[in-house]
Amino acid sequence: MSQAFAAEEARAVYRAIHERRDMRHFAGGEVAPALLRRLLEAAHHAPSVGFMQPWRFIRIRDAALRTRLHAAVERERVLTARALGEREDAFMRLKVEGLLDAAELLAVTLADGREHHVFGRRTLPQMDLASAACAIQNLWLAARAEGLGMGWVSLFDPAEVAALLGLPAGAETIALLCLGPVHGFYEEPMLQRERWARRAPLSSLVFDEAWGRPADLFDPDPSSSPDLESA
């Protein structure tokens, strides 16, 4: 354990993980350029399969472009609601984005030419997406540590957004990230607070040796184990 962080430093890492939230309510304001560079540097230090670094970030400051992207998200929000059937009305009551309110809007895209990266992708080509998701998580945790909120918006038609952003053939948008100051962080995930879904018990997701075989890592009596999660 000689390589472990000091206890206080380790607690800060776990705090950022547990207090990170998918934010939809923003307070306007701005993100200082030096801070934004620092956050993007954290994203760029994410792991990537075969060191392919598939992430590309497009900073969107033009108000008209933001409005067009917001309209694209709104169209998909309505279509998603219809696809949910009996939960349509409940979904439409949820706030799902902050594109027009956040200080910064970043589009995260997968780079073109990814097919040339074979290392680690020959049988699992989706590792480009997994790698970019790691970059987004790095940015998210760094933003939380800096006191900024971030929300990942994925309600859009990728082809429509690609046209709006002028992406080259083969590039693909996977996220619109709303980033900036917030009035406060949700005490628990918003979708859990709104009773849309709840976090599953970890013990139901970890198996030993084969699918469905309960792991002996977890005490069968939850009350006997400390709860390390702050929601």
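For the residue classes used on this tour, Ala, Val, Leu, Ile, Met, Phe, Trp, Tyr, Cys and Pro count as nonpolar, Asp, Glu, Lys and Arg as charged, and the others, Gly among them, as polar. The model is predicted: local features need pLDDT of at least 70, side-chain atom pairs count only at pLDDT 80 or more, and totals for chains, interfaces and linings use all residues. Residues are numbered from 1 along each chain as its sequence is written, and side-chain values use heavy atoms, with hydrogens and water left out.

**Stop 1**

Select residues 55-59, which are β1, and residues 149-153, which are β3. Helices (H or I, at least four residues) and strands (E, at least two) are DSSP runs, numbered from the N terminus. The four strands make an open sheet, ordered β1-β2-β4-β3, with antiparallel pairing. β1 and β3 are the edge strands, and each pairs on one side only. From one strand to the next, the twist averages 25 degrees. Axes here are lines fitted to C-alpha atoms, for helices over the stretch in contact, and angles run from 0 to 180 degrees between N-to-C directions.

Now select α2, residues 33-44. Contact means heavy atoms within 4.5 Å.

**Stop 2: strand pairs**

Strands of a sheet pair through backbone hydrogen bonds, either parallel or antiparallel. Two strands are taken to pair if DSSP finds at least two bridges between them.

Start with β1 and β2, an antiparallel pair with five bridges. Select Ile58 and its bridge partner in β2, Ala107. Next, β2 and β4 are joined by seven bridges, again antiparallel. Two bridges to show here are Leu106 with Leu177 of β4 and Thr109 with Thr173 of β4.

**Stop 3: cover on the strands**

How many of the residues of β2 are buried? In β2, seven of its seven residues are buried. To see both faces of β2, select Glu104, Leu106, Val108 and Leu110 on one side, then Leu105, Ala107 and Thr109 on the other; all are buried.

β4 is largely enclosed by the rest of the structure, because eight of its nine residues are buried. On β3, four of the five residues are buried.

**Stop 4**

Select His44, in helix α2. His44 is partly exposed, with a relative accessible area of 38%. Apart from residues up to four places away in sequence, His44 touches Gln53 and Trp55. Draw a C-alpha to C-alpha distance from His44 to Ala102: the two are 58 residues apart in sequence and 22 Å apart in space.

Move on to Phe51, in the loop between α2 and β1. Phe51 is not a glycine, yet has a positive phi of about 55 degrees. Its relative accessibility is 62%, so Phe51 counts as exposed.

**Stop 5: α7 and the segment after it**

Select α7, residues 190-193, and pick out Arg193 in this helix. Is Arg193 buried or partly exposed? Arg193 is partly exposed, at 37% relative accessible area. Beyond its neighbours within four places in sequence, Arg193 is in contact with Tyr186 and Glu188. Arg37 lies 156 residues away from Arg193 along the chain, and their C-alpha atoms are separated by 32 Å.

Glu209 is in the segment after α7. Glu209 also has a positive phi, about 70 degrees, although it is not a glycine. With 75% relative accessibility, Glu209 counts as exposed.

**Stop 6: a pocket**

Last, select Arg20, Arg21, Asp22, Arg24, Pro189, Met190, Leu191, Gln192, Ala197, Arg198 and Arg199, which line the second largest pocket. A pocket, on a 1 Å grid over the protein atoms alone, is an open set of points where a 1.4 Å probe fits, with protein on both sides within 12 Å along at least five of seven lines; lining residues have an atom within 4 Å of a point. The volume of this pocket is about 250 Å³. Grid points are joined across faces, edges and corners, and a volume is the space filled by probe spheres set on the points. What classes make up the lining of the second largest pocket? The lining has four nonpolar, one polar and six charged residues.

How values were computed. Buried < 20%, exposed > 50% of the residue type's maximum accessible area, 1.4 Å probe, protein only.
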